[in-house]
Amino acid sequence: MKKTLIFTLLSVLVITGCKTEKKSDNPFFNKFDTPFEVPPFELIKATHFMPAYLKGIEEERNDIKAIINNPQPPTFENTIKALEYSGELLTTVSRVFGSLNSANTNDTLQKINRELSPILSKHRDDISLNDTLFQKVKSVFENKDKFRLTEEEKKILDDTYKDFVRSGAALSPGDKEKLRKINEELSILSVKFGQNLLAETNGFNLVIDKKEDLSGLPESVISQAATVAKSLKMEGKWVFTLQVPSMTPFLQYSDRRDLREKLFTGYFMKGDNDNEYDNKAIIARIAKLRVERSHLLGYESYADFVLERTMAKTPEKVFSFLAQVWNAATPVAKAEAAAQQEMINKEGGKFKLAPWDWWYYTEKIKKERYNLDDEVTRPYFKIDNVMEGMFFVAKQLYNLDFTKRTDIPKYHPDVNTFEVTRDGKHVGILMIDNYPRLSKRGGAWCGAFRGQSRDVNGKRIYPIVTMVTNSTPPTADKPSLLTSEEASTLFHEFGHALAGLLSDKTYPGGSLPRDFVELPSQIMEHWVLEPEVLKVYAKHYQTGEIIPEAIVEKLEKSGKFNTGFQTVEYLAAALLDMEYHSIKEPVDLDIRKFEKEAMDKYGLIPEIKPRYRSTYFNHIWAGGYSAGYYGYIWCEILDADAFQAFKETGNIFNKEVAAKFEKEILSRGGTRDPLEMYIAFRGKEPGIDALLINRGLK
Ligand SMILES: [Zn+2]
């Protein structure tokens with residue numbers, strides 16, 4: 001049998017080999033003829049995506065058909081493995097489109113996204129609701145002891161089976177039809193949500209044309225605002241936007257309380273302006289459909305459904321964990337508010353502290369207590385130096401080298417590309433894209449044009465990882481100079497990137513749950529302000545002088561400053577997420593009322609707004625963090641404790657601990673249960689103490 005098959009394959013190869021290969025105009029239909037097979041961005045046009053998607057869908061459909069029509073009894077090899085390797089073209093085009101649509105979108109891409117999302121939703125449902133396919137998967141799952149499987153294969157089999165069930169494969173035909181309708185509508189709604197949010201973010205500018213209205217702002221912030229104005233064809237004026245690197249410094253330094261209010265109100269009203277981009281009706285509908293979907297699948301709420309597949313497992317566990325931290329943080333935030341009010345009173349201001357005052361008075365108190373502000377440290381955080389710092393840490397810990405390459409296609413001129421090697425051997429490609437622009441969504445994230453895995457024959461496929469941030473951009477006369485928080489964000493995303501680069505698995509599938517995936521990223525934040533690391537990278541951008549000890553000391557001392565606020569504004573958003581997704585009945589929500597009641601229930605003080613209000617909470621409505629935003633602080637239990645593993649040895653670059661972290665955590669991806677992975681690294685479960693101490697809440 002086998003011999004004939006090989007023979008037939010060979011003859012096919014010979015025949016196709018003889019023909020002159022005709023290259024398609026659509027780059028997705030050819031092998032990428034570039035260094036490291038990076039997508040040939042300069043050849044990819046918007047018009048190529050839809051045909052590539054449609055062909056990708058067709059190919060995957062054929063792959064699935066081949067699995068279904070296989071007359072052999074179902075095995076891991078002919079069912080689960082075959083599924084893992086199905087739809088290669090669709091994966092490639094999805095990764096390219098997804099990355100570009102987030103980091104460099106335009107009206108055409110957005111239109112394609114709107115058209116695509118119901119098509120893709122239907123395609124996914126066609127696979128997961130296919131009964132013949134499900135019966136095969138089920139048979140392999142029920143007979144798993146008969147196959148000799150590796151640990152990774154066992155996990156993939158379990159996950160695949162559960163994913164089918166969780167996607168509705170075991171439902172009656174009538175319920176499957178209902179589910180399809182819900183999925184299709186949800187996919188359209190989340191795209192609309194994201195597009196509204198981008199329009200609202202870009203649609204608001206605080207334009208200043210009188211110099212006196214710039215009172216209090218440092219020179220660097222003013223010149224930044226002039227650059228923004230110029231880019232918007234308002235030369236001679238100053239523009240502040242709702243992008244964090246533009247908005248935050250204004251809130252920190254502007255003496256004009258009325259303008260701070262105007263800008264911050266613009267921010268927290270995004271998507272809530274009762275205009276064509278309003279998101280309230282959209283999220284009410286999403287929340288309702290998610291409850292209906294959960295009920296169909298046999299869960300009480302959407303949170304029950306989501307959390308089943310996380311480390312936390314149940315909503316009760318998440319709520320009780322969040323309450324513990326909330327109760328520790330709220331008194332600290334109240335004391336911070338009181339200190340600010342005291343300063344307002346002392347200055348003779350006859351008003352009550354409001355949310356748009358928080359950054360301003362925090363900055364003043366910080367200056368008074370520690371004689372430190374962001375403008376003092378910025379010159380030491382030139383972005384290139386910070387990146388050198390993170391590369392240095394990766395060298396110390398994992399022996400990785402980063403070499404800048406200029407011969408590799410990029411999707412935007414701002415992208416910097418690095419080849420990553422270890423002992424001279426290729427590890428992967430890292431693309432870093434740092435500055436805000438109108439075509440980029442807010443925030444920071446890490447993605448991949450190609451994930452690490454092995455192909456069907458076991459040959460290693462090398463990752464192409466992307467890191468995207470919205471950092472302070474350079475101006476006409478200054479390079480990009482970061483705040484310490486922005487430096488920390490770079491290290492954070494770099495941590496995700498390391499997990500992508502050091503991944504060492506066999507199969508393409510599998511991912512980490514939301515409440516574990518931030519461990520690799522957040523642990524990196526612990527190195528950014530360590531004196532040993534600062535000494536290496538924090539050099540003055542003009543003089544090259546290493547950051548003075550006195551400033552390092554101040555940075556250390558002020559590290560736990562304002563953590564009440566940071567914790568509470570974050571937790572408020574995490575709780576809001578959990579409240580929306582714990583709804584047990586599909587009701588029509590009044591969004592403003594729901595949000596207010598949810599926050600009142602926990603006693604959120606009026607001086608603080610949740611980090612994300614409902615109408616611009618992209619993470620939970622469009623970003624895959626629904627009932628998962630708590631994951632960041634949950635992971636902090638892990639990263640605070642994991643960093644202790646280094647600290648305890650007296651060496652933050654301890655190579656043995658790093659090797660263990662790579663082996664048990666970074667290299668594994670989603671191939672093992674998270675708690676098992678953690679215990680394999682640390683030898684025990686972590687407690688909440690390291691987190692509270694880390695935040696200065698204990
Ligand atoms: Zn992250």
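Mentor: Start with aspartate 577, in helix H22 (residues 563–581). Helices here are DSSP runs of H or I with at least four residues, and strands are E runs of at least two, numbered from the N terminus. The model is predicted: local features need pLDDT of at least 70, side-chain atom pairs pLDDT 80 or more, while totals for chains, interfaces and linings use all residues. Residues count from 1 along each chain as its sequence is written, and side-chain values use heavy atoms, without hydrogens or water.

Aspartate 577 is buried (under 20% relative accessible area, 1.4 Å probe, protein chains only). Yet aspartate 577 has no salt bridge (a Lys or Arg side-chain nitrogen within 4 Å of an Asp or Glu carboxyl oxygen). Arginine 290 is the nearest side chain of opposite charge, 6.3 Å away. Lys and Arg count as positive, Asp and Glu as negative; His and chain ends are not counted.

What does the side chain of aspartate 577 lie 3.0 Å from? From a polar atom of that side chain to the backbone nitrogen of tyrosine 629 is 3.0 Å. Beyond neighbours within four places in sequence, aspartate 577 is in contact (heavy atoms within 4.5 Å) with residues including Phe617, Ile620, Tyr625 and Tyr629.

Now strand S4 (residues 416–422), where 6 of the 7 residues are buried. S4 pairs (at least two DSSP bridges) antiparallel with S3 (residues 400–405) over 6 bridges. With S5 (residues 425–433), S4 is again antiparallel, over 7 bridges. Threonine 417 bridges to arginine 405 and to methionine 431 in S5. The S4–S5 hairpin has 2 residues between the strands, and aspartate 423 takes a positive phi near 50°.

Note on methods: Buried < 20%, exposed > 50% of the residue type's maximum accessible area, 1.4 Å probe, protein only. Polar contact = N/O pair within 3.5 Å; in protein donor to acceptor, adjacent residues only side chain to side chain.
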